[in-house]
Amino acid sequence: MFGKGILRGLGITARHLLETYIDDVKRIPSRYAYDRRLIKQPVEERGIFTIQYPEEKRVLPENFRYIPMLIFDDTTGEDRCTSCGICAKVCPPQCIWILREEDEKGKPIPRPAEFYIDISICMGCGFCAEFCPFDAIKMNHDYEIAVYRRFPDLVLNKDELSVPASYYAQLYPTAWAEEEKRREEERKKKEARAKAAAARKALAAKKKAASQKAEAQDGETS
Ligand code: SF4
Ligand code: SF4
């Protein structure tokens, strides 16, 4: 029928318009937080919703990911990264470069001397964060990184990529809690293994001392 497509299109627009009001009614007052400057818009919402960016911003879900960040310890300032290079190997567009630190004799130190990510190439896949065995690289939520020049402004160095662990804990509270629990379990296991090894060593030393004593006594009697 002539005009059927137009009617169908108008129907879709009308449905979205209606759903927007239904979503609003369902979410008020929780959709608007902090005096409408931060907006919660869960993925299950169906209505069309205009955000007056940059005055208004969406509250980002924990698993939102933009570009990677490198984690360092708040208290010691030590990088978690050991410059193992796994992230650089798994990165699909190959936009990570790492230079490992060396001592004065040229012996490698497990620490990055330099670490670069070309974020004009990075596609935010999160592979680097998933494969890092040291929880040293995670995905940042900061998307306001517009610059005038692509190069060198979008090739971020170690300082520009580094954030304290507390920043990561704040962005990813659930993941942080899980990782802390896992680290605590690993620490306990390590302690238990060290204790068992020390006990085995002490027992072996005791046995050795006893056999030496017995040999000495045999020597004296013969
Ligand atoms: S960020 Fe992780 S995977 Fe990448 S080099 Fe550092 S420790 Fe290895
Ligand atoms: S997020 Fe993906 S593309 Fe970006 S640096 Fe990590 S692995 Fe590479």
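A salt bridge is taken here as a side-chain nitrogen of Lys or Arg within 4 Å of a carboxyl oxygen of Asp or Glu. In this predicted model, the side chains of Asp-79 and Lys-158 meet in such a salt bridge, with an N to O distance of 3.0 Å. Because Asp-79 lies in the loop between β4 (68-72) and α2 (86-90), whereas Lys-158 belongs to helix α4 (residues 158-161), the pair ties together parts that are 79 residues apart in sequence.

The count of salt bridges comes to 14, and among them is the one that Glu-144 forms with Lys-57, whose closest N and O atoms are 3.3 Å apart. Glu-144 is placed in the loop between β7 (137-139) and β8 (155-156) and Lys-57 in strand β3 (residues 57-58), so that this pair ties together parts 87 residues apart in sequence. Glu-144 is partly exposed, at a relative accessible area of 42%, and Lys-57 is likewise partly exposed, at 26%.

A further salt bridge, at 2.7 Å from N to O, joins the side chains of Asp-135 and Arg-182. This pair links distant parts of the chain, 47 residues apart, with Asp-135 in the loop between α3 (127-131) and β7 and Arg-182 in helix α6 (residues 173-221). Asp-135 counts as buried, with 7% relative accessibility, while Arg-182 is partly exposed at 37%. Through salt bridges that share partners, Asp-135 and Arg-182 are joined with Lys-138, Glu-179, Glu-180, Arg-183 and Glu-186 into one network.

Around ligand 2 there are 14 residues, of which Cys-91, Cys-122, Cys-125, Gly-126 and Cys-128 come nearest. The shell around ligand 2 divides into 12 nonpolar residues, two polar and no charged.

Technical notes: Residues numbered from 1 in each chain as written. Chains lettered and ligands numbered in written order. Predicted model: local features only at pLDDT ≥ 70, side-chain atom pairs only at ≥ 80, totals over all residues. Heavy atoms only, no water. Near = heavy atom within 4 Å. Nonpolar A, V, L, I, M, F, W, Y, C, P; charged D, E, K, R; others polar. Helix = DSSP H or I, 4+ residues; strand = E, 2+ residues; numbered from the N terminus. Buried < 20%, exposed > 50% of the residue type's maximum accessible area, 1.4 Å probe, protein only.
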